[in-house]
Amino acid sequence: MERTDVVIVGGGASGLSAAVFLARYGLDTLVFDGGTAAIRQCVHLENYLGFPGGIPPETFLAMSREQAELTGAELAQEMVVEAAKTDEGFRVVTASGREVKTNRLIAASVYDDDYLSAFEDELGSVEPDGRTTVSGLYVTGWLGDAEHQAIVSAGDGARTALALVRDVRREDEGLWDEIADHYYDWTVEDGRYSETDWVWLDEFVAENTPKDATPKEKRRMRKRLEREYLALEMDDVERNERAERGRKLVQKHVEEIEP
Ligand SMILES: Cc1cc2nc3c(=O)[nH]c(=O)nc-3n(C[C@H](O)[C@H](O)[C@H](O)COP(=O)(O)OP(=O)(O)OC[C@H]3O[C@@H](n4cnc5c(N)ncnc54)[C@H](O)[C@@H]3O)c2cc1C
């Protein structure tokens, strides 16, 4: 059976936004999308920040899908019909009979949510960041607690993905609580961190070191955070390449909009 880190059920604003954050962290992320969608019932999306004249929902979805795929997520046009808890996570089944094992599962579908029937009792208490009382199961977007607006659902998907990433850091990667939570998906100019004396990082690690930690563990955490900070830096060459790629991709989608 196929195996992945995260399955997201739903390729709307919430699911695709979550996929971008998860894939950028390096998690194997599979998005299933099929069935009824709220976003496709909107005629012209006029209140999503960044699109001054509004945008057709299909164009918005095509751009969002491309962004998720570019970051490394896999997208499959398939409807999920069953999800069950296993010892290692979840087993997800699609209408075509495809079965996938996953460590974590995000439900980001509004309408066709029968696949969640095994978790009916637990879904009454979803945290604002999408965590549920079932370990590894998250609910986001309109299906969760988000206002019924596309941009709020996208933000909600991002927040849920960040909660999931922090759980991975704590539970799978063994990072201390504050270090696990100390994660933001940023980019910064070259030298912003590498040209500092790192005293601020030493202080942060010292403040958040558990009493029983060994010096070796402390060094490991410090090194890990240093690597993460350095990976946020982007030099001018890369920045220009990304800007050019972004310009071409937006242009491609804009040219496809039918008047
Ligand atoms: C009539 C109408 C008009 C609207 N107009 C606007 C507007 O103008 N502006 C605005 O901001 N908001 C508008 N909204 C609200 C907006 O559409 C939602 O807030 C937003 O789309 C919710 O995003 P989501 O990702 O949570 O859900 P959805 O957009 O519903 O995305 C969920 C996705 O999951 C898929 N899916 C469902 N079940 C399954 C399954 N079992 N397996 C796999 N995939 C599944 C669906 O096909 C869909 O693609 C409108 C909503 C409606 C109903």
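Domain bounds are those of an automatic or database domain assignment. On this basis the chain of the predicted model comprises domain 1 (2-172) and domain 2 (186-259), whose centres, taken over C-alpha atoms, are separated by 25 Å. Contact between the two involves 5 residues from domain 1 and 4 residues from domain 2, two residues being in contact if their C-beta atoms, placed from the backbone, lie within 7 Å. Residues are numbered from 1 along each chain as its sequence is written. Local features need pLDDT of at least 70 and side-chain atom pairs count only at pLDDT 80 or more, while totals for chains, interfaces and linings use all residues.

Helices (H or I, at least four residues) and strands (E, at least two) are DSSP runs, numbered from the N terminus. Helix α1 (residues 13-25) has 13 residues and spans 19 Å from its first C-alpha to its last, close to the 18 Å expected at 1.5 Å a residue, the expectation being 1.5 Å times one less than the number of residues. Of the 13 residues of α1, 12 are buried, that is, 20 or more other C-beta atoms lie within 10 Å of their own, with C-beta atoms placed from the backbone. The cover over these buried residues includes β1 (2-9), β2 (29-32), α2 (57-71), β6 (99-107) and α3. Just after α1, Gly26 adopts a positive phi of about 105°.

The axes of α1 and α3 (residues 150-172) come within 7 Å and cross at roughly 35°, where axes are lines fitted to C-alpha atoms over the stretch in contact and angles run from 0 to 180 degrees between N-to-C directions. Among the contributors to this contact are Phe21, Leu22 and Tyr25 of α1 and Leu162, Leu164 and Val165 of α3.
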